[in-house]
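Work through the exercises below with the structure in view. Each task is followed by a solution in steps.

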Amino acid sequence: MGEHQPATEERFLICGLGGLGQQCVIALKQFGVKVVGIELVEPKSWRIPGVDKLLDELIIGDCRQNSTFERAKIELCRAVLIVTSDELINAETAIALRQLNKNARLVVRSTKENLNQLLEEQLTNYVGYDPIHLSAASFALAALGGDSLGFFNLNNNWLGVFQHKVCHGDIFHRRQLFEINSGSRKLLCYLPNKYDAFNCFYDWDSETVIKEGSTLIYVEQFDRLLSKQRKGSISSNNKKKPVWQKTANVINQIKIRKKILDYWHYGSQSRRLVIVSILVTFSLVTVGTVLFYILVGNSTSVNPLYITISLLLGGYADFLYSVQPNSIILQFLGLALAVAGTAFVGVLYALATEKLLSTKFLFSKKRSRVPEEEHIVIIGIKRVGSKAAKILQQFNQPLVAIALEDDFDDNHLPDIPIFKGDLNESLSKVNLSTAKSVIATSEDEILNVEMGLKALKINPKSNLVIRTFGQRLSENLAQILPKAQIISAYAVAAEAFAGAAFGENILDLFRLHNQTVLVTEYQFTQVDTLNGLMLSEIAYGYGVVPILYQKPPLTEELMPKAYKQIEPGIRLTVLATIDGLKRMEAGRIGIYPKNWQVVIESVNTEEAKFEGANQIAKISNYPLDKARELLNNLPQTLQVPLYKLQAQHLIRVLQKHQVMANLKRI
């Protein structure tokens with residue numbers, strides 16, 4: 001947040017114009033800066049139509065060569081985004097670049113966390129991001145559905161972004177919007193009607209009475225393993241159900257007949273052969289025991305059941321020795337049972353041996369059963385799917401996955417039921433019709449679309465999340481599947497790369513009504529233009545939400561008070577859209593005008609006069625001596641223009657201290 005050249009004169013260099021690089025071009029151009037691209041070979045067609053026209057300059061060459069950087073005027077570049085698909089090239093380029101430009105911000109695509117840390121120490125002004133990691137949280141959150149819109153961790157404090165539809169009689173109904181804010185919760189957005197969508201923060205009046213059917217979006221500190229909303233719903237549901245209903249539900253969930261039929265129809269040939277062999281063997285034991293009992297009776301001391309089992313296991317010689325049959329019928333019966341046992345029991349031996357050999361003597365942890373309902377199905381469990389699955393596991397979500405590769409390592413996600421092989425057969429095993437959400441995250445976007453449409457046909461009520469790569473496909477799918485969430489992993493990650501290019505520390509991100517919200521950390525220095533501003537001025541002026549404030553060596557404060565001021569050394573974490581970051585970067589304050597004043601009518605006591613002056617000075621940054629003089633000559637208008645939410649807050653605080661005031665528009 002230091003002082004920079006005007007945005008229009010700054011050059012930002014992008015090395016690698018693949019899927020991520022092209023998305024970075026779009027994200028950077030929103031800031032109004034000059035963008036130069038380097039690509040080894042000029043693309044015959046662009047993944048994003050028209051992106052080549054957004055580039056101020058396209059340079060064809062190897063980004064590891066100094067001559068290529070000289071053509072790009074590297075000495076004039078404020079930041080370089082190195083986002084090729086080859087991590088070795090990215091690391092080589094970053095090291096070479098630092099020799100040519102000691103100050104440029106380096107934002108590198110890299111999955112190697114240890115290497116990123118080492119390069120950050122050696123190169124300085126360096127940051128490495130894994131685009132898959134950045135986007136995986138978006139897929140996980142989209143699959144959660146319901147009230148959860150985002151989550152992130154700040155200094156071991158988990159915060160979540162929740163969406164709550166107000167119902168008659170709940171805790172928010174008929175309260176005023178300012179009452180939602182507390183030491184652990186802050187309101188982000190109020191949507192009075194179901195068709196409204198998030199546009200920007202603070203687009204509401206704090207005195208508004210919350211009505212039934214409206215939607216609240218807020219950030220709140222919570223337990224990542226089980227949010228209190230979920231705890232409350234679970235406990236209330238358990239209390240409402242009587243014992244007989246719980247018993248009936250358990251019986252109903254067993255679904256023995258359905259499971260037997262599914263086990264037979266969707267099983268492999270080997271499974272069916274095992275079932276037939278077991279049934280035939282059991283029948284032979286029963287029939288043989290009965291026949292020997294009738295034919296032999298008490299003529300021998302050997303039990304008929306023992307004789308039958310011995311014959312089936314290949315003991316014909318023992319049968320001849322112990323029973324010594326004189327009857328041709330007995331000899332024929334014994335021979336028939338021995339031959340049948342060789343056939344059917346031998347099959348069981350062979351299959352058991354094959355199974356033991358196929359395990360390679362690795363005794364892995366037994367996987368859990370496929371959930372019956374309200375679970376999340378992940379189709380394509382490679383990098384994005386695996387990371388999304390691990391995030392969802394942290395929230396105790398029931399999961400089942402379908403691996404599209406036969407060589408997928410089952411031990412990679414040992415606690416999740418995973419199916420491989422034929423895709424249609426796998427889909428039949430995951431209880432798709434009762435799933436809460438379906439995520440299609442394979443590397444083939446056409447396959448993702450196909451699986452998404454198939455899932456929607458089987459379960460129209462499921463929450464559908466589809467991974468795409470192309471901009472045009474994403475836009476067209478959003479038109480024909482308005483209820484589905486179409487997420488381009490590169491588009492989401494590119495906004496974080498673009499924000500980091502301006503020197504900001506992007507901690508996390510999440511999606512809010514088709515907008516990306518960045519969790520951004522600022523470390524203020526002596527030359528920062530925001531020094532001296534209050535958090536209320538930063539929040540309402542730039543349209544960002546301060547959620548963590550720390551003045552070293554003091555501990556951090558979550559949901560900080562609006563009157564806190566920015567000083568050198570302050571660490572501040574905010575929620576910001578790309579527009580908010582643009583305003584902070586350009587120093588363009590004033591998304592909402594300061595066109596409100598506070599008219600102070602009267603004060604009841606001398607103590608109220610004393611406390612009122614303190615509050616005026618604290619909340620409006622008005623000199624304390626002038627505030628005391630103001631309260632001695634009432635009625636008066638506070639000659640400080642304020643934001644509306646800031647002025648309303650001051651009036652409420654003054655009224656608590658018995659100072660009567662009202663709002664006046666300038």
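A disulfide is a pair of cysteine sulfur atoms within 2.5 Å. This is a predicted model, in which local features need pLDDT of at least 70 and side-chain atom pairs count only at pLDDT 80 or more, while totals for chains, interfaces and linings use all residues. Residues are numbered from 1 along each chain as its sequence is written, and side-chain values use heavy atoms, with hydrogens and water left out.

**Exercise 1.** Find how many disulfides the rule gives.

Solution. Step one: apply the cut-off; the count is 0 disulfides. Step two: check one cysteine. The closest cysteine sulfur to that of cysteine 200 belongs to cysteine 189 and lies 8.1 Å away, so the gap is too far for a bond. Step three: look at burial, where buried means under 20% relative accessible area, exposed over 50%, and partly exposed in between (1.4 Å probe, protein chains only). Cysteine 200 has a relative accessible area of 17% and is therefore buried. Cysteine 24, at 0%, also counts as buried.

**Exercise 2.** State what share of the protein's residues is buried, and describe its nonpolar cores.

Solution. Step one: of the 666 residues, 47% are buried. Step two: define a nonpolar core as a set of buried Ala, Val, Leu, Ile, Met, Phe, Trp, Tyr and Cys residues joined through side-chain atoms within 4.5 Å. The largest such core holds 123 residues, and Leu28, Phe152, Leu216, Phe497 and Leu575 have the most contacts inside it. Step three: a second, separate core has 22 residues, including Ala627 and Leu630.
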